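The sequence and the coordinates are shown first.

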Amino acid sequence: MMENGFDSLGSDFRPGKSCPRVVFAILPTGTAPTGPTGGIVGPTGPTGATGATGATGPTGPQGLEGATGPTGATGATGPQGEVGPTGPQGLEGATGPTGATGATGPQGEVGPTGPQGLEGATGPTGATGATGPQGEIGPTGPQGLDGATGPTGATGATGPQGEIGPTGPQGLDGATGPTGATGATGPQGEVGPTGPTGATGADAPTPTLTIGTVTTGAPGTDAAATISGTAPNFTLDLTIPAGPTGPTGADA
């Protein structure tokens, strides 16, 4: 369709105007093939302003912990430092608990027997028979043989318990049991404050060395030096060996 010399695509068909050659193709119903790429690409426009920063997204889940790396080699041991001065003695620890009681000693000797209790009461006497008439006294006959001992009479009732005798003396003490285990050592006491610095000692006297005797020793012997005396006065005695005898000189 053309209107005012232009078709619906904007092509100019007015007289004296050149127009592009248009080729129409009738394609079957369906998806049309992609047409050729358009003309030359124009220059890139300027970069637009940076948009506002979007909201921060949620934090992702914690990743798995990586495996522990191998332990590095142990460094060389440093030199042993000097031993510091010994600190003051701490307070004595508390006394440990009492050890277990030792075994019981042997039984002491038995004390002496107490006195005999009171004798029980005599049982009642039986009834006396009737007395016969008194006969005449006949002559005394010869002494008869001792008759056999009659049977022992029944034992009388037991008398009451006698009083308890006094307690016998105390038996000997048993041997002392072994000593219990030593209690645990108490905690270390706190370090006491450092004592004040002592007064500076007096300066020692300057020694005086005096040369004593100087003796010449035999050739080939060792030199010797001896110091004698008491501080601050000392004496130094020297022994210096003589040198060997030189060769005899030639006659002039």
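## Strand order and pairing

From the N terminus on, the elements of the chain follow the order β-β-β-β-β. The chain thus has five strands and zero helices, where helices (H or I, at least four residues) and strands (E, at least two) are DSSP runs numbered from the N terminus. This is a predicted model, in which local features need pLDDT of at least 70, side-chain atom pairs count only at pLDDT 80 or more, and totals for chains, interfaces and linings use all residues. Residues are numbered from 1 along each chain as its sequence is written, and side-chain values use heavy atoms, with hydrogens and water left out.

Two strands pair if DSSP finds at least two bridges between them.

| Strands | Direction | Bridges |
|---|---|---|
| β3 (residues 208-217) and β5 (residues 233-241) | parallel | eight |
| β4 (residues 224-230) and β5 | antiparallel | seven |

In β5, leucine 236 stands opposite isoleucine 211, while threonine 235 stands opposite serine 228. A hairpin of two residues connects β4 to β5.

## Burial, contacts and surface

Of the 252 residues in the chain, 5% are buried, meaning under 20% relative accessible area with a 1.4 Å probe, protein chains only. Contacts are heavy atoms within 4.5 Å; among those between residues at least 6 apart in sequence, 60% join residues at least 24 apart. The accessible surface of the chain comes to about 24,400 Å², and carbon and sulfur atoms account for 57% of this surface. Accessible areas come from the Shrake-Rupley method with a 1.4 Å probe.

Key
Buried < 20%, exposed > 50% of the residue type's maximum accessible area, 1.4 Å probe, protein only.
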